[in-house]
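Please look over the model below before reading my notes. Keep the sequence at hand as you go.

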Amino acid sequence: MSKQFNLPSVEEQREELRNRTIEASEFYRILHIGRYAFGKTDIVSRMKQALENLGHTVFDFNTDDFRGVVYNPDRLTGGIGPVEIKLDQLKPILKEFKPQIIICNAGGYTFSEEDSNWLKDLGFILVGITLSDPDVFVGTKKFAHRFDYHATNAIEALNMYKEAGINNTIHFPFAIDRSFIETEAVARPDWNADVVCIGNAFNREDRNRVMNHLNQSLDVKVYGTGWEIPGAFPVSGEDFFSAARAGKFHINFPATRAGYTNLKIGVFESIANGGILCTEIFEEMEIFFDYGEEIIGYKNEFDLKEKIEYYLAHPEEAENIRRKSFAKLVEKHMWESRWEDLFAYIRQDINQTQSLLNMERYSQIGKLIGQKQKAAKVIIQGYYGALNSGDDLILESISHHIKAQHPNTLIMVAGFNPQAITLKQGFYSLPRTDYYRMDRFIKEADLLIYGGGGLLNDYSFNQSAGVPDFFDSITNGIAGMGILPTIANIHEVPKMYFALGVGPLTNPEARKFAKFLANQMDLITVRDQHSKQLLESIPGVQKEIHQTSDPTYMLQYPGTQLAQEYIKQHHLKDNLILVSLRDWRDSPEFFEQNIATYLDSVLSESNTSTILFLPYQFGRGKSDDNNIHERVSMLMSKHEDTHIYKHNGKYDEFLSLIGYAQAAISMRLHGSILANRFGVPAIGFNYDEKVMAHYQNMKMEPYLLELDFKLNDATTKYRELIDNRRELVSKLNEAVKQETAKSAKTFDMAVQLLKQGINRHKEIYRFYPRQESLRNMKTNLVRKELLEANLKKGEIENELYNVSLENKLLRNLDRSHAIASEMVDLNNANVYCQNQHLNKEVTMKQQSQEIVFRLSNIKAPKKKDYTIVEITLDVIKKKENMVSFVLHNSYQKPRNKGRIQYSVILEGKKIHKEDIALSNKENFFNLKLTPKKNQITLRIKLEAMKNCESWSWGSASRTKFYGLRIWTESANENDYSIITQTLKRI
């Protein structure tokens, strides 16, 4: 370290932070509700990350993944609320995750008055975070009281809330999380600059004025939209870090769109990236950083330029400022510290002072007491979310019993249908097939569980390319499902096979692949003897295979009340016979008719019975067992004594009906397992080795039918089962007791492996931030280059046309007809919108060569709102004419497509249309025509395609129309002067 510096360099401080342990004083279960508008660098995302860094158990509910959960009839945006979360859709999460604290983070998010009270009655602590005050105060004041504790980013807003009679608001200033600070950035030397500004400049004249002034003599780069400096573009993700680290001096503008001045998140982002912060001087900033010592304050652009030039000439002084501000940031201004302070305040108020809420509310909450054990993260991979009851109940069982031994565990499910996993069962769902995002989740995990269920077989392997599928992002089968465990193996994350069913494995290549996967595991458990023998029979498998049992043996019976209520509600006979069938590829031709006849004979045994068709697969099409149930039911003569259960993915009622039944007839493995688990004897169908394995375990092989069963034999077996029911139940209970003990061993071994994962050293912060494949990045780059080339094509065509005109003019100087070109005066254009009283509002600039226009509703345009630029053009009929001009809208955000478009209409015919969100490049038009008259009408129409949410759409719709020129064949022999002038212009 050089003598002139009192502190280590920023990189040395960054490395020191990476090696520091920062944990909460006690750990809570937190349901965090938010939206990450700008990806992983979004402020809400960083705040959530800080909660995880502290060791809290955080259920991250990103509303972008579950759009139907948000109730926003007024299309409110920009943090203005209320934007209500539909509580009914979150109830499965509340039941499964059991949070202590629910945080609605920004976006105007809240619950309705009724739902807030319901949550409070159950003792949940509601915390609301506002990040855009004072701008959004006008909306937030309407619902801040619904939270127990409300936090605002702005000191200025505190008094505003108090004056509005809201006394639960706390100051919660911006900060930055340690992960953001510790991230390694991709170096981009071509982005290096003395001065940078990252942000948007739409309708921000002050920003453009300052940066334009600096750009006159300094090396300046700006990132975002709306900038007048050429070459600006938005950055996010890894590009954000690269851009920020490449700039020496970072310019911050504290003024908000509503005209307030306050501390912004960019202050902390700039310092975290090693930038020297330059900001206008304002009082609030002095609470956080010292002007002249830790940051640079300025009065205007002239003062700013002078100070930057001074520090560029005195780099040691600049470096001291950089180091001091970074040290202050790490010491006092990380989100981890902010959260700790907020929770300490809430904890003290609830447990001691009790000064903010009423006494009834404190009684509802009780005490806020966290765990001493920090969060553990367990990833469970399997066929979950595919609306299969057997798999879903395996997941329920694994989750319940792991959390029983390690309560602060977050169960994260890498399954197939995030909507079903989260909104039906209440689990945190992962993007299983996005391996670039999954890599981060796996790095941070303490245990990866593969299973349970029959996941190790060669069904899909036989229909695939085999081993190469593993390297080609295939998502299913043992190849695709083996990718995540392999990533976990590379990162040395503990991993296990959890009570797997194995087989069939007859393909030699599939057996080799199964060996490859099995040898990566730290622990292998299988659910039956057949699976154990099959896996051990593969040469080269080096791991010990532990035989345990199916996880659903650990499920608890919810009691008979729900079953009795269901029977009464649907007017069923009390004696239930459960039937679960499936569309099986190898079923005999007349299987359904035989089953129908068989079930008629079963009903003949008792006139007090109802056959309840119970689906275990309840998706769509072939994935819905009720298809075969309906067909079989209609084939039965006793159709009126059947009932088909409509599955909604909620299992208490489902399990209650199983345990209430007299008997079961099942073509689903878990139909037999669960019936037996709750003491109900079952008849099964021997369609797979796993079914035989179960009936052998239960010593119930006599009650296993072949698919081509004989009706008399099947009826006799059912009669025997009913006649001997008491003895069979006793035998089943003894076998289930043994299987339950085996199953419990799986959980014990899993928890021991989890403890190893918790204690291992994790380097989770210093990560390369790219979360996209190089293949996709290159594809996007090529797509961008093609787009730019296509746009450039318009410019080139225009230039080529000019050259061709020049040549044509030179060739035709001595002829009677020549080509002439003239600019059209755009002052003669008529600009109007759907409301004539607003015509002046939509015209932002109208000059001879340029018109700038926008939509009239600058916040929330309604569908079919429009602005039209209309002009009459003089042309020569029956001759070749060309009309050339340029259209430019600088807004670009593809995810906002479908809202606003512009179109070109020539003589009433729409010849071009373009969504403004898809490109921010200039569009060059060269329209060739041979008109039938001497005047034509050109219209440029800007139009809202739908009702737009409240935002700055006026700025986004700002469109420039310029360079209108007409090229015609001159009818005059004496047009030499026009030709000469045209040549000069060309």
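This is a predicted model: local features need pLDDT of at least 70, side-chain atom pairs count only at pLDDT 80 or more; totals for chains, interfaces and linings use all residues.

1. The average pLDDT of the chain is 90. A score of at least 70 is reached by 92% of the residues.

2. Two stretches call for care. Residues 808-819 keep a pLDDT under 50, and the model gives them 23 contacts beyond four places in sequence. Residues 970-986 also have a pLDDT below 50. That stretch has 28 contacts beyond near neighbours in sequence.

3. Three strands form an open sheet in the order 3-4-6, and the pairing is mixed. Strand 3 (70-71) and strand 6 (109-110) each have a single partner strand, so one side of each has no neighbour in the sheet.

4. How do strand 4 and strand 6 run, and how many bridges join them? They run parallel, joined by two bridges. Strand 4 spans residues 83-85. V83 has Y109 in strand 6 as its bridge partner.

5. Four cavities of 30 Å³ or more are counted. Helix 26 (669-677) supplies at least two. By class, the lining has five charged, four nonpolar and three polar residues.

6. The second largest cavity holds about 60 Å³ of space. F59, F97, L410 and Y428 are among its lining residues. Strand 16 (409-414) contributes the largest share, three residues.

Key:
Residues are numbered from 1 along each chain as its sequence is written. Side-chain values use heavy atoms; hydrogens and water are left out. Two strands pair if DSSP finds at least two bridges between them. Helices (H or I, at least four residues) and strands (E, at least two) are DSSP runs, numbered from the N terminus. pLDDT is the predictor's confidence in each residue, from 0 to 100. Contact means heavy atoms within 4.5 Å. On a 1 Å grid over the protein atoms alone, a cavity is a set of points where a 1.4 Å probe fits but cannot get out, and a pocket is an open set with protein on both sides within 12 Å along at least five of seven lines; lining residues have an atom within 4 Å of a point. Grid points are joined across faces, edges and corners, and a volume is the space filled by probe spheres set on the points. Ala, Val, Leu, Ile, Met, Phe, Trp, Tyr, Cys and Pro count as nonpolar, Asp, Glu, Lys and Arg as charged, and the others, Gly among them, as polar.
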